[in-house]
Amino acid sequence: MGAGGDVSNIVAWLSIHGATLVWLLVALVGVAVLYKIATLLRAAGEVVRAVVWVLAAPFVGAWWAGKGLWWLGRQARRFWRTSLGFVGAGGLVLLVGVPPAGVLATLALVAGIAGWCWWFAWRESFTHYMAGPLRGWWRRWAVYAPRWDRWMRRLDLVVRDVVAETSEGVQTVAAVAVPRLVWVRSDPWWDTLRVALAVGQAPEDVTGKISPLRAALRSDRVLVREPEPGVVDIAVQRRDLLATTIPALPIPDVAGDQVDLRTATIGLTEFGEAFTVPLLGGHLLGAGETGGGKSSLLWCPIRAVAPAVRDGLVRLWGVDPKVLEMAMCRPIFHRLGFGPVDAHAILLELLDLMQQRKRELAGRSRQVTISRGTPLELLFLDEIGALLKYLGTRQQQTVLAQLLALVQTQGRALGFGVSAFVQDPSKETVPVRDLFPNRVCLRVRTSSQVDMVLGEGMRDLGALADRIPHHLPGVGYVRSEDQKEAVRVRAAHVTDDDLADLVALICPGGASLNSPIPEEYLAAARGDDGDGGGGARRSNLRPVA
């Protein structure tokens, strides 16, 4: 009874769940079959893949070999000096084998002695052909190339090819183009990096990153220039040539007619070149706070043309409200004044001379020829701000500005030059500031004054005149009418003994070129002629006949 009951129970359970068990077994068998099929397919796929790789291997190898040869050819063409060096060294080793250590030491010694003799005898040639290229090669591969891509990415000097952008501003970038470092030129003071811009970049993208570039390159001074379209040169200062005082340059020991009156060398630029300022056909504005070195901008040009002053080819006119600066050199000045009335009278006399030259040149020449009969007239105005804003009446200041503007705008072709110096270069102080095409900004107090002197945006391009230390008088930034960027310069330091030598050379034996300001011009400046001091002798400012 018990056994029969169990069997009946099993039969009953199977009758209820039998279909489920059948489907479960079918599923297990199906999984097993599928697994076996997958295993077979995997094995077949590996065989097929192996066959494909065997068949394709020669073509893939040829492709990568060609690509590698093409890359090597490009590198050999770009870096042909390095490539020739390696090829030559490898070929020598293959031909003669590795030389013994003694031979290598002897060759190194001989090469060192030959290089020293070359440097000692022909230093400029050695620097140009040997030291410079080797230094540039080393600086490129040891300093700049390993960090170049990282610097460009962190400074955001790259071009991204964006293929998609979500509404939240998330971009999908397909590729990133980095500016290419073409070559590096190096001397003891500067590294110059030639950079080919990526498509989509402009030189302004690089100039806008000058401050981050200075920080990344650990340099106090970085300049960016555009030698040709699509290419920029980044000049990185390594050492400061202007850190030491430059003594007064020697006065040229030549005849007056051999002096170059177009420009005067007065110091050095940050690149070791001559720092020159224009004389014939140019006007100069020098700005800087007290102790910045403005006196160097006054006396160095005069020392540069001293033989011409001595021989009557240049006449000096001066106005010095401080009195002390020009007084000790009074004998070398044709006219010298110290206040607004003197300045007014001197400008009136200069304008009369201009009118006379206009009449003489009209119809015959467009530019004066400098001679003893028509010398170069150079007017120096120290502390022009005092004359145009602080001293005298408002009417006197206005008239002085008008007269000075006439000399500046009409005197260039007639042989008249103006050099003025000021502490506050604002338009309120120097209303004729824009009439000075050549400007030097020495140490100033605020960053805005840099742009006032050199032009808008020049401080952002690296002209940090407001950061010049007090122990560097004469250091500043210059921008001439044909320059896009400001160049850092230092004018030579002129002592009282140098000024005494200047006077002795121009006026030997106690002679003097100075003569008083004519009374007729002083009277016109004071208003004694009924003009009230503001008419500027308009009767003499008549048009050329």
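# Notebook: strands, rings and charges

I started in strand β14, where Arg439 is the bridge partner of Leu285. The model I am reading is predicted. I noted that four bridges join β9 to β14 and that these two strands run parallel.

**Entry: strand β9**

I then looked at the other neighbour of β9. Four bridges also join β9 to strand β13 (residues 416-422), again in parallel. For a position along that pairing I wrote down Ala287, which stands opposite Val422 in β13.

Next I checked which way the side chains of β9 point. In a regular strand the side chains alternate between the two faces of the sheet. In strand β9 (residues 284-287), Leu284 and Gly286 point one way, Leu285 and Ala287 point the other way, and all are buried.

**Entry: Arg439**

I went back to Arg439, which lies in strand β14 (residues 438-441). Is Arg439 buried or exposed? Its relative accessible area is 13%, and the limit for buried is under 20%, so Arg439 is buried.

I asked which backbone oxygens the side chain of Arg439 reaches. One is that of Phe436, at 2.9 Å. Another is that of Val453, also at 2.9 Å. I listed the contacts of Arg439 beyond four places in sequence; among them are Leu284, Leu285, Asp434, Met452, Leu454, Tyr477 and Arg479.

**Entry: the end of β9 and the end of β14**

Glu289 forms a salt bridge with Arg443, and the closest N and O atoms are 2.6 Å apart. Glu289 lies in the loop between β9 and α7, and Arg443 in the loop between β14 and α13 (447-454), so the pair ties together parts that are 154 residues apart in sequence. Both Glu289 and Arg443 are buried.

**Entry: other salt bridges**

I counted salt bridges and got 18. I looked up Arg194 and Asp233, which form a salt bridge with the closest N and O atoms 2.4 Å apart. This pair links distant parts of the chain, with Arg194 in strand β4 and Asp233 in strand β6 (residues 231-237), 39 residues apart. Arg194 counts as buried at 17% relative accessibility, and Asp233 counts as buried at 14%.

I then took Arg221 and Glu270, whose side chains meet in a salt bridge at 2.8 Å, N to O. Arg221 is in the loop between α6 (210-217) and β5 (222-228) and Glu270 is in the loop between β7 and β8, so the pair ties together parts 49 residues apart in sequence. Both Arg221 and Glu270 are buried. I also noted a network of salt bridges that links Arg139, Asp191 and Arg238.

**Entry: aromatic rings**

How many aromatic pairs does a search of the whole structure find? I found three. In one of them, the rings of Trp190 and Phe271 have centres 4.6 Å apart and planes at 40°, so I logged the pair as tilted. Trp190 is in strand β4 (residues 190-196) and Phe271 is in the loop between β7 (263-269) and β8 (274-278), 81 residues apart. Trp190 is buried, with a relative accessible area of 2%, whereas Phe271 is partly exposed, at 25%.

I wrote down a pair of Trp299 and Phe333, which is edge-to-face: 6.2 Å centre to centre, with 70° between the planes. Trp299 is in helix α7 (residues 294-304), and Phe333 is in the loop between α9 (324-327) and β11 (335-337), 34 residues apart. Trp299 is buried at a relative accessible area of 1%, and Phe333 counts as buried at 0%.

I also looked for charges over rings. Arg140 lies over the face of Trp141, 4.9 Å from the ring centre. The charged end of Arg185 sits over the ring of Trp183, 4.1 Å from its centre.

**Entry: Leu157**

With a relative accessible area of 5%, Leu157 is buried. The C-alpha atoms of Leu157 and Val178 are separated by 7.2 Å, and the two residues are 21 apart along the chain. Leaving out residues up to four places away in sequence, Leu157 touches Met152, Pro179, Gln201, Asp205, Val206 and Lys209.

Definitions and conventions: Residues are numbered from 1 along each chain as its sequence is written. This is a predicted model: local features need pLDDT of at least 70, side-chain atom pairs count only at pLDDT 80 or more; totals for chains, interfaces and linings use all residues. Side-chain values use heavy atoms; hydrogens and water are left out. Buried means under 20% relative accessible area, exposed over 50%, partly exposed in between (1.4 Å probe, protein chains only). A polar contact is a pair of N or O atoms within 3.5 Å; within protein, one must be able to donate a hydrogen and the other to accept it, and residues adjacent in sequence count only if both atoms are side-chain atoms. Contact means heavy atoms within 4.5 Å. Rings of Phe, Tyr and Trp (its six-membered ring) pair if their centres lie within 6.5 Å; planes under 30 degrees apart count as stacked, over 60 as edge-to-face and the rest as tilted. A charge sits over a ring if NZ of Lys or CZ of Arg is within 6 Å of the ring centre and within 35 degrees of the ring normal. Two strands pair if DSSP finds at least two bridges between them. A salt bridge is a side-chain nitrogen of Lys or Arg within 4 Å of a carboxyl oxygen of Asp or Glu.
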